[in-house]
Amino acid sequence: MKVKGLAALKAGGPLESFEFERRSPSATDVVFTITHAGICHSDIHQVREEWGPALFPMVPGHEIVGVVTEIGNSVSKFKIGDRIGVGVFIDSCRICEPCKSGLQQYCDEGMTGTYNGYERDGKTIAFGGYSNGFVIDQDYAVTIPSNLDMAGVAPLLCAGITLYSPIKHFKVTKGSKVAVMGLGGLGHMGVKFAAAMGAEVTVLSHSANKKEDALRMGAQDFVVVRSDDDLKPLKRKFDLILNTVSAMVDINQYLATLKIDGTLVIIGLPDSPYAVSAGAMLNGRKSLTGSMIGGMPELQEMLNFAGQHNIVSDIELINADYVEEAYRRTVASDVKYRFVIDASTFATF
Ligand code: NAP
Ligand code: ZN
Ligand code: ZN
């Protein structure tokens, strides 16, 4: 199947018009027309090789939604016309312990990423969502609740699940005191999900102009963090901190805002290691952990929860010709709060 999209042909881009073939569907594959694709900061990190050498040409995009146009003979999960989504991986080994328990993102062989890697055959470059058509095995796709707007749903496939998963895992509930570091694509979904689960949410941001938005999304408090002094009044306040910041920060100052036995979850993936002081960890028996997206069962659970609570992402809908500018604005923390590409515009770009 011929599709059109955008690719970086070399590290750093630019993203150019790119035509390529997707595989013919197997018996268990689903073919769909992509309607919308979100722009995750991870796309930018990878196009720019901020996480190390990457694979080019690269068609980024792992927040993908669309409408099913064709199904293989053995497909039972979808029918033509269904609204479907694909996230950060397109396959995994399916037999290891993590895969069998629905934690495909932690597959022992490594998940098969939606782009910047090879498909399971080991030789076909996997091309992501900045394109107008997709082919996916039914087991690695999810169903989108009928009441939700497609453009607003696209970011749930990465940003949404990446915050939903630790919020569930660390048992956020009514009255939990949760801090979200960074109000970007991931952070704003964290505010919405944690608030929907009854938490008291504080946003820790370096952008003073996001306060009103944070409160509208369900946060109770908004603290501008420009220096370590700004965190001092928050000493021992939080049960859980969700760190979604894409750049390097001094984690030790944030650990001091955790209650005894509190947990800081690393979610943002900056290009260099964090420095953590022993004192900051042991004074209050703090936990420092990480979390990566979510598995297939949890991805569907998250979408169902979003459907029940009417949760979608706040987005700016853009055309294919705005992607470079969207990258620039995302890196400048000027994103309200996810750029989503209208995939019909790839055909004419
Ligand atoms: P984003 O939309 O750019 O949001 C990041 C936010 O971090 C910004 O909006 C900004 O919020 C804050 N920030 C940025 N630069 C900063 C700086 N120099 N100092 C302090 N704060 C700064 O990015 P995203 O798409 O949400 O992704 C966030 C990170 O998570 C990226 O590193 C991405 O690769 C990673 N990620 C991880 C997973 C996972 O599975 N763990 C999944 C997806 C993405 P304020 O303006 O409010 O300060
Ligand atoms: Zn992502
Ligand atoms: Zn596996």
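Predicted model: local features only at pLDDT ≥ 70, side-chain atom pairs only at ≥ 80, totals over all residues.
1. Residues are numbered from 1 along each chain as its sequence is written, chains are lettered from A and ligands numbered from 1 in the order written, and side-chain values use heavy atoms, without hydrogens or water.

2. Now step back to the sheet. β14 and β15 belong to an open sheet of six strands, ordered β12-β11-β10-β13-β14-β15 with parallel pairing. At its edges you will find β12 (221–224) and β15 (287–290), each pairing on one side only.

3. Which residues hold the zinc ion (ligand 3)? C93, C96, C99 and C107 coordinate this ion, each through its SG atom, at 2.3 to 2.4 Å. Donors are N, O and S atoms within 2.8 Å of the metal (3.2 Å for Na, K and Ca), and water is not among the atoms, so sites may look incomplete. The angles among the four donor atoms run from 103 to 120 degrees, making the site tetrahedral (all angles between 85 and 135 degrees).

4. Along the chain, the donors of ligand 3 follow the spacing C-x2-C-x2-C-x7-C. C93 sits in the loop between β6 (89–91) and α2 (97–100), and C107 in the loop between α2 and β7 (112–113), so this pair ties together parts 14 residues apart in sequence. Both C93 and C107 are buried (under 20% relative accessible area with a 1.4 Å probe, protein chains only).

5. The zinc ion (ligand 2) has C40 (SG), H62 (NE2) and C158 (SG) as its protein donors, at 2.0 to 2.3 Å. Their spacing in sequence is C-x21-H-x95-C. C40 comes from the loop between β3 (29–38) and α1 (41–47), whereas H62 comes from the loop between α1 and β4 (64–71). These two residues, 22 apart, link distant parts of the chain. Are C40 and H62 buried or exposed? C40 is buried, and H62 is buried too.

Note on methods. Tetrahedral: all angles 85-135°; square planar, octahedral: opposite > 155°, others 65-115°. Helix = DSSP H or I, 4+ residues; strand = E, 2+ residues; numbered from the N terminus. Buried < 20%, exposed > 50% of the residue type's maximum accessible area, 1.4 Å probe, protein only. Pairing = 2+ DSSP bridges.
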